[in-house]
Amino acid sequence: MTITKQEYDFNRNVIVQPVGRGAAGRQDSVNLSYGFPATELLPVEALNQAALESLVRDRAQALHYTGGQGLDIIRNWQLRRLRKFGIQANDEHYLAVYGANQGIELTARVLINPGDTVWTEAATYFNAINMFCYAGAEIVGLPMDVNGVDVDKVEDELKRAAAGEGALPKFIYVMPNFQNPTGTTLPRARRERLAKLARIYNFYILEDDAYGELRFEGEDLPAIASYAPDRTIYLGTFSKTLGPGLRFGCVIAPREVADRMRCLTLNSATSPFTQEILGHLLQNYDYDAQITRLTACYEARRDALAEALGSTFGDEVRFQLPEGGFFLWLAFQEETDTLRLAELAAERGVQTVPGRGFFAADGSYPFIRLCFSYCGEREIEEGVRRLAAAYFDSRR
Ligand SMILES: Cc1ncc(COP(=O)(O)O)c(C=O)c1O
């Protein structure tokens, strides 16, 4: 069998490896790279119980293609939960997917024709860059500041594109809460304005809210989808709160988009058995208490990371404290080669992700993303000590 390349350019794949695995890595390596939740806070006992109960309740039905009652329970639960972020959706907007990643992939498949333009925050989530590239899109990175994507500049760009200077986007991909990788949060006014622009310039917004539940401080903000439900495809997931191994998330989309996505998934996007377990769990589980446990833990880890960075690096680096989520974005001086630095740090026993992978355009990016959710506070301090040692050594 031959695989033809067709119009997809797989050579543009941004491969992001947590630097430090393999030969260069050490047994006692500290993992500040990938966005994993804290292992000890995953609800193992509750899921075990839910799995037992779902087999008792639904018997073999839980193992059929159609599953049992689980999916209905989850759908109703998620639609209710999303009202917290101002989203008023119903069954026809809802699609169960195997995670936010599948929501990104389906959006790319439904909306992108080869040669279309997609706008993203610069920096953005590397898997999204890859999926948009596979679908044949041209990616344009949008400027960001401490409050996320700069909507004034987005409006300028839209005006220029509408005047024939460049292409209007098919959609804009944004993470308004605790953005991956920068940790920034888009203020209410910017969300509202982006939603208005989507209507004026006739594009969709792909709103990836993988981290929205994990707020340590400040108040929950309305989702962009709450301002423009007819223009927004919203993605939620249980990966960051109950466990990525569940592979379960949801898409809330305008009906015409949701219908097309449903066609593409052939009604088998998620595992019926997982649905039964998750459905059972959600019926009896104090999810808010789980969120409180997670946010308390992650806030302490974020603070430990910030303190360690301050005391080891001093004025050599800049960073902003994220109000939630998993990530802190560390900015070095312009000339710093962070790819090399990440390799040196890995040799010293700390894994990080250098900035390059978060940008679609070639260039040198003096950033490193640090994930504070996975390791305990002492480990984080040790990881930062190793990273700082690598950095100061490399400058001698
Ligand atoms: C912004 C963002 N979107 C999506 C995902 C993937 O989510 P899921 O596990 O639900 O597919 C991640 C995970 O790292 C992420 O950071």
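1. Arg109 is partly exposed, with a relative accessible area of 45%, and Glu105 is partly exposed too, at 25%. Here, buried means under 20% relative accessible area, exposed over 50%, and partly exposed in between, with a 1.4 Å probe and protein chains only. The two residues form a salt bridge whose closest N and O atoms are 3.7 Å apart; the term stands for a side-chain nitrogen of Lys or Arg within 4 Å of a carboxyl oxygen of Asp or Glu. Both sit in helix H3 (residues 100–111), 4 residues apart, so about one helical turn separates them. Helices (H or I, at least four residues) and strands (E, at least two) are DSSP runs, numbered from the N terminus.

2. A word on the model before going on: it is predicted, so local features need pLDDT of at least 70 and side-chain atom pairs count only at pLDDT 80 or more, while totals for chains, interfaces and linings use all residues. Residues are numbered from 1 along each chain as its sequence is written, and side-chain values use heavy atoms, with hydrogens and water left out.

3. Do look at Glu40 and Arg301, a salt bridge with its closest N and O atoms 2.6 Å apart. This pair links distant parts of the chain, 261 residues apart: Glu40 lies in the loop between strand S1 (30–31) and helix H1 (44–58), and Arg301 in helix H10 (residues 287–313). Glu40 is exposed at 55% relative accessible area, whereas Arg301 counts as buried at 6%.

4. Arg160 and Glu165 make another salt bridge, at 3.5 Å between the closest N and O atoms. Arg160 is partly exposed, with a relative accessible area of 40%, and so is Glu165, at 47%. Elsewhere, salt bridges with shared partners join Arg81, Lys84, Glu213, Arg215, Asp220, Asp288 and Glu323 into one network. The structure holds 36 salt bridges.

5. Now to the ligand. There are 13 residues around it, and Ala100, Asp208, Tyr211, Thr237 and Ser239 come nearest; a residue is near if one of its heavy atoms lies within 4 Å. By class, this shell has 5 nonpolar, 5 polar and 3 charged residues.

6. Which residues place polar atoms by ligand oxygens? A polar side-chain atom of Thr237 lies 2.6 Å from one oxygen atom of the ligand. For Asn180, a side-chain N or O atom is 2.8 Å from a ligand oxygen, and for Asn101 a backbone N or O atom lies 2.9 Å from a ligand oxygen. Taken alone, the ligand exposes 400 Å², and the protein buries 93% of that.

Methods. A polar contact is a pair of N or O atoms within 3.5 Å; within protein, one must be able to donate a hydrogen and the other to accept it, and residues adjacent in sequence count only if both atoms are side-chain atoms. Accessible areas come from the Shrake-Rupley method with a 1.4 Å probe; for residues, only the protein chains shown count as cover. Ala, Val, Leu, Ile, Met, Phe, Trp, Tyr, Cys and Pro count as nonpolar, Asp, Glu, Lys and Arg as charged, and the others, Gly among them, as polar.
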